[in-house]
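Subject: The structure for you to look at

Hello,

Here is the structure I promised to pass on to you. Have a look at it first, and then read on for what was found in it.

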Amino acid sequence: MEVSRELNNQANEYISHYPNDQKRSASLPLLHLLQQEYGHINEESVNWVAEKLGIEPIHVLELVTFYPGFRQTAPGKYHIRVCRTLSCAMAGCYETMEKFCEVAGIDRSKVSHHNPIAVSEDGKFSIEFAECLASCGTGPVCLIGDEFHESVKADNVAEIIEKYD
Amino acid sequence: MAAPKYIKGKEPHKSEYRMIFRNVDRRGWDTSIKSYIADGGYKDLKKALKMKPQEVTDEVKTSGLRGRGGAGFPTGVKWGFIPPNNKKPVYLICNCDESEPGTFKDRYIVHQDPHQLIEGMLISCYAVGAKVAYIYIREEFPEGAKILEDAIEEARKKNFLGKKILGGKFNCEIYVHRGAGAYICGEETGLIESLEGKRPYPRIKPPYFPAALGLYMCPTIVNNVESLCNVKHIIAMGGQKYAKIGTPRNTGTRILCVSGDVIRPGYFEVEVGKITMGELINDVCGGLRKGRKLKGVIPGGSSAKVLRAGEKYTIGTGESERTIGINEIPMDFDTLAACGSMAGSGGVIVMDDSRDMTWILNNINTFYAHESCGQCTPCREGSLWMKKITDRMVSGSGVPSDLKTLTSVGDNIAGRTICAFGEACAWPTQSFVAKFPEDFKKHTSRRNAGKELNPESKAAAAGLKR
Ligand SMILES: Cc1cc2nc3c(=O)[nH]c(=O)nc-3n(C[C@H](O)[C@H](O)[C@H](O)COP(=O)(O)O)c2cc1C
Ligand code: SF4
Ligand code: FES
């Protein structure tokens with residue numbers, strides 16, 4: 001796999017944060033870089049990280065399959081993560097989720113533990129539940145890409161979605 | 001230093017004691033090093049560098065500071081566990097995984113006052129002899145990670161960080177390391193495995209106490225964001241003066257995060273033990289919605305055992321022994337432990353009488369079932385089993401034996417696992433079923449069979465004006 005020079009430099013910078021004989025520590029930072037660039041982590045990315053760090057690909061793949069923050073399938077242009085946990089649920093996050101799906105045209109009937117992400121038919125939005133996003137006092141909350149939104153009641157979902165073009 | 005003014009509508013409550021959150025929601029404040037230095041920032045680092053490392057540790061010991069990440073372990077004592085004849089590098093890790101449901105305080109420090117954390121970390125590194133420190137930040141704080149990285153660069157330019165800090169002999173680097181969405185990375189040994197680039201499987205203690213065998217098998221001090229910020233203030237005022245804030249054995253301030261069924265949820269920095277649960281809920285947070293009564297409170301993050309309104313607790317010993325109700329509980333480590341729960345992470349979740357506790361527990365169980373790392377059979381199987389039972393109860397297919405099964409599954413996890421997640425996932429089930437049996441029985445009666453009982457109606461949620 002060819003990566004941009006910029007990405008490669010950034011990867012080298014991350015690797016330099018750890019002792020020389022502990023390159024493996026850079027696994028998560030490198031995976032984040034690739035996911036940021038390509039939207040998800042595929043086999044090529046796994047192999048690239050493994051080679052870069054001098055470790056077996058399985059030691060990279062086992063991270064991708066464990067950590068909920070890594071995706072193996074392509075998300076939509078905008079990826080939405082709605083907090084599912086207690087305080088947000090008490091404030092109505094399940095209704096928020098339903099509304100997001102309705103407005104963005106997403107069918108969540110097939111999601112499962114191993115396949116938590118649902119994508120809209122036009123590929124513009126994808127959505128999943130996340131666990132407590134550490135903003136329980138302003139729930140329901142969600143992340144859209146890297147942007148954080150508070151007090152996302154079902155009523156204001158449409159307005160938020162509109163901002164994403 | 002002038003007293004700070006705050007953004008309109010976000011002023012601290014009059015019972016607050018703003019020290020760590022001094023700059024949160026402050027008017028005219030930003031995250032730049034310029035703001036921070038203009039406000040007297042990095043003076044305490046200079047002061048610390050003139051002391052001997054041991055003297056810094058001694059001040060922290062004198063202050064009585066107890067860890068704010070969950071366990072409340074004395075910070076100075078923890079630092080003292082680094083083996084005295086150690087020849088290996090020492091690491092310091094700031095735990096910014098903030099993922100215990102109900103907890104939202106580290107978020108604001110990182111997003112609004114990053115230099116306070118960096119200064120606290122540098123002083124702590126100096127005390128424990130660490131030349132490299134990592135901030136392990138949860139992946140869901142992408143902006144926070146960026147803010148911290150920028151702040152570190154600013155501090156480096158001013159030579160507060162890097163080589164020969166402020167012209168002295170102390171070298172120190174701080175790096176930001178992002179997690180990837182797993183709650184178990186908040187557990188310190190899981191965090192260390194994750195930082196080593198592995199699955200975050202917690203290590204067994206003993207022998208893997210981080211202070212002796214931590215990151216790369218070197219002595220490692222793991223502290224919470226809020227704990228590390230406190231170190232700066234301890235050096236500023238001296239351990240003895242700090243120990244006068246709060247109450248004996250429960251010194252300093254604490255940021256309480258209140259969510260759930262209160263009129264004004266939010267974060268409140270108070271002197272530890274100087275405010276009661278009743279004052280917190282009714283004065284600071286504006287009480288419950290109209291016509292509602294208190295049903296229960298989870299006082300220290302979702303793993304803390306639930307407290308039921310109307311319960312009585314016996315606290316104190318000998319002459320000072322007394323019986324109190326939920327509203328009279330002073331919010332400190334020792335009293336909450338004496339009441340059978342814990343101060344934990346400071347996350348207070350309030351539930352009023354519109355809530356069905358089966359539904360509440362089901363939500364909590366879903367969290368733990370999702371987050372168990374899977375190493376230990378009782379935790380992996382048990383957390384999922386408890387979730388499946390409450391799943392079926394809320395969907396109208398509970399059976400009368402469910403209460404007993406739930407309790408017995410919980411009883412067989414706690415104390416039988418590698419890490420404290422075992423207790424964390426068992427305590428909610430054990431306490432909710434024992435304290436609110438009527439709610440659970442409702443879901444097992446024939447009369448309700450097949451009915452979805454979910455009073456978490458849209459109306460209840462809509463009533464929470466945010
Ligand atoms: C399951 C589990 C999750 C935890 N999550 C966090 C967390 O998100 N943040 C944190 O600071 N400590 C967390 N802890 C506590 C840490 O293991 C550790 O005790 C703490 O970071 C030490 O810092 P302190 O002494 O400053 O409190 C967690 C513990 C357990 C068992
Ligand atoms: S108790 Fe649970 S989370 Fe902790 S190590 Fe065992 S399986 Fe993992
Ligand atoms: S429960 Fe949603 S942010 Fe904590």
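This is a predicted model: local features need pLDDT of at least 70, side-chain atom pairs count only at pLDDT 80 or more; totals for chains, interfaces and linings use all residues.

Now turn to ligand 1. Around this ligand there are 24 residues, with Gly67(B), Gly69(B), Gly186(B), Asn224(B) and Ser227(B) coming nearest. Strand 4 (220-224) and helix 16 (421-435) of chain B are the elements that give two or more residues to the shell, and strand 4 of chain B has the largest share, 3 residues. By class, the shell around ligand 1 divides into 8 nonpolar, 10 polar and 6 charged residues. If you think in domains, domain 1 (33-244) and domain 3 (357-462) of chain B each provide at least three residues of the shell around ligand 1.

Helix 16 of chain B also packs with another helix. Its axis and that of helix 13 (residues 357-371) of chain B come within 9 Å and cross at roughly 165°. Because of that angle, helix 13 of chain B is roughly antiparallel to helix 16 of chain B. On the helix 13 side, the contact is made by Met357(B), Leu361(B), Ile364(B), Asn365(B) and Tyr368(B), while helix 16 of chain B brings Cys425(B), Pro428(B), Thr429(B) and Phe432(B). This contact has 7 nonpolar residues, 2 polar ones and no charged ones. The crossing of the two helices is left-handed.

Finally, the two chains. Where they meet, 45 residues of chain B are in contact with 38 residues of chain A. Which element of chain B gives the most to the side that touches chain A? That is helix 13 of chain B, with 6 residues. The residues on this side of chain B divide into 20 nonpolar, 13 polar and 12 charged.

As for chain A, the domain assignment gives domain 1 (5-66) and domain 2 (78-162). The C-alpha centres of these two domains of chain A lie 28 Å apart.

Enjoy exploring, and do write back with any questions.

Best wishes

Conventions
Residues are numbered from 1 along each chain as its sequence is written. Chains are lettered from A and ligands numbered from 1 in the order in which they are written. A residue is near a molecule or strand if its C-beta atom, placed from the backbone, lies within 6 Å of it. Helices (H or I, at least four residues) and strands (E, at least two) are DSSP runs, numbered from the N terminus. Ala, Val, Leu, Ile, Met, Phe, Trp, Tyr, Cys and Pro count as nonpolar, Asp, Glu, Lys and Arg as charged, and the others, Gly among them, as polar. Domain bounds come from an automatic or database domain assignment. Axes are lines fitted to C-alpha atoms, for helices over the stretch in contact, and angles run from 0 to 180 degrees between N-to-C directions. Angles under 35 degrees count as roughly parallel, over 145 as roughly antiparallel, 65 to 115 as roughly perpendicular and the rest as oblique. A crossing is left-handed if the near helix is turned anticlockwise from the far one by less than a right angle, and right-handed if clockwise. Two residues are in contact if their C-beta atoms, placed from the backbone, lie within 7 Å.
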